Amino acid sequence: MANAELGATGGNGTFSYLAGTRTRDALRPGMIQKMLQSITDMPGQIGHVLAQQPSEARLLSFVLLSDVFFALAWSIEASVAPSPVVSALIGGDLVLFLMVALIFRTTLVYALALAVGAGMRLLGFEGSVRETRIGVLWGSLVAAPIGFVIAMAAVVVNVMRGGSSEAGFDAVQMLPMWIGFVPFLWFVAKGAAAANRSDKSLQIFGVLGLGAVALALVLRVLAA
């Protein structure tokens with residue numbers, strides 16, 4: 001009788017409860033903990049996310065939360081120790097730059113998620129386009145704090161520069177920003193692979209890396 005009053009775990013993992021008892025939702029780890037767990041167990045965390053069947057609003061929150069790390073990194077760099085390159089990119093209005101950059105970044109992440117989902121579906125992977133898209137968006141969120149830490153390394157480099165103008169130093173200073181793309185592509189690849197119940201994350205990462213390099217070269221040629 002006592003067990004019946006306390007409730008038991010059901011087949012769907014939820015707790016039956018009387019007034020005042022906690023549901024499994026209250027026991028779930030926080031978002032930050034889930035992101036940390038995804039670093040070592042992406043398939044497990046992607047499985048949980050897929051099982052929740054997140055709405056489009058929920059998926060958008062993944063992207064917007066990753067945008068927060070992006071905006072914070074640029075804001076700190078622009079305020080504490082802006083490099084000549086960063087100053088040229090931002091211009092005189094940081095708020096306007098961040099608004100445009102966040103809109104562009106959000107659109108780019110969604111476009112990447114759709115392209116990866118469609119591509120993997122065409123290649124015969126197990127997951128649907130939506131499942132792969134969820135994996136990509138979650139992977140981009142997991143990578144965001146790591147990208148933030150790397151971006152802060154650029155700030156440290158600029159502070160150490162101390163106003164000197166050594167030849168080639170700007171290129172070294174921008175290196176952490178370029179390195180920040182590596183964890184982004186890696187966790188996007190891991191998320192996409194996990195959503196498809198595949199162990200080919202390294203191959204997916206390679207394809208994404210080649211695509212990023214090709215896109216960078218095209219943009220460089222167009223800007224010349």
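**View 1. Just after helix H4, Gln53 takes a positive phi of about 45 degrees.** Helices here are DSSP runs of H or I with at least four residues, while strands are runs of E with at least two, and both are numbered from the N terminus. Keep in mind that this is a predicted model, where local features need pLDDT of at least 70, side-chain atom pairs count only at pLDDT 80 or more, and totals for chains, interfaces and linings use all residues. Residues are numbered from 1 along each chain as its sequence is written, and side-chain values use heavy atoms, with hydrogens and water left out. Most residues other than glycine have a negative phi. Gln53 is not a glycine, yet its phi is positive. You will find Gln53 in the loop between helix H4 (42-51) and H5. Is Gln53 buried or exposed? At 67% relative accessibility, Gln53 counts as exposed (buried means under 20% relative accessible area, exposed over 50%, and partly exposed in between, with a 1.4 Å probe and protein chains only).

**View 2. Helix H4 has buried residues and, on the other side, exposed ones.** Which residues of H4 are buried? They are Met42, Gln45, Ile46, Val49 and Leu50. Seen down the axis of H4, these buried residues fall within an arc of 140 degrees, so they line one face of the helix (the arc is that of the directions from the helix axis to the C-beta atoms). An α-helix has 3.6 residues a turn, so residues three or four places apart point the same way. On the other side of H4, look for Pro43 and Ala51, which are exposed.

**View 3. At the start of H4, the side chain of Asp41 reaches to the backbone of Gly44.** A side-chain oxygen of Asp41 comes to within 3.1 Å of the backbone nitrogen of Gly44.

View 4. Side chains of opposite charge can pair when their charged atoms come close. A salt bridge is a side-chain nitrogen of Lys or Arg within 4 Å of a carboxyl oxygen of Asp or Glu, and by this rule the count comes to five. In one of them, Arg130 pairs with Glu56, with the closest N and O atoms 2.8 Å apart. This pair links distant parts of the chain: Arg130 is in helix H8 (residues 129-161) and Glu56 is in helix H5 (residues 56-80), 74 residues apart. Glu56 also forms a salt bridge with Arg133, where the closest N and O atoms are 2.7 Å apart. Here again distant parts of the chain are linked, as Glu56 in H5 and Arg133 in H8 are 77 residues apart. How accessible are the partners? Arg130 is partly exposed, at 32%, and Glu56 is partly exposed too, at 39%, whereas Arg133 counts as buried at 12%.

View 5. Glu131 lies in helix H8, and Arg197 lies in the loop between helix H10 (181-195) and helix H11 (201-223), so the pair, 66 residues apart, links distant parts of the chain. Both residues are partly exposed, Glu131 at 23% relative accessibility and Arg197 at 45%.

Terms used. Polar contact = N/O pair within 3.5 Å; in protein donor to acceptor, adjacent residues only side chain to side chain.
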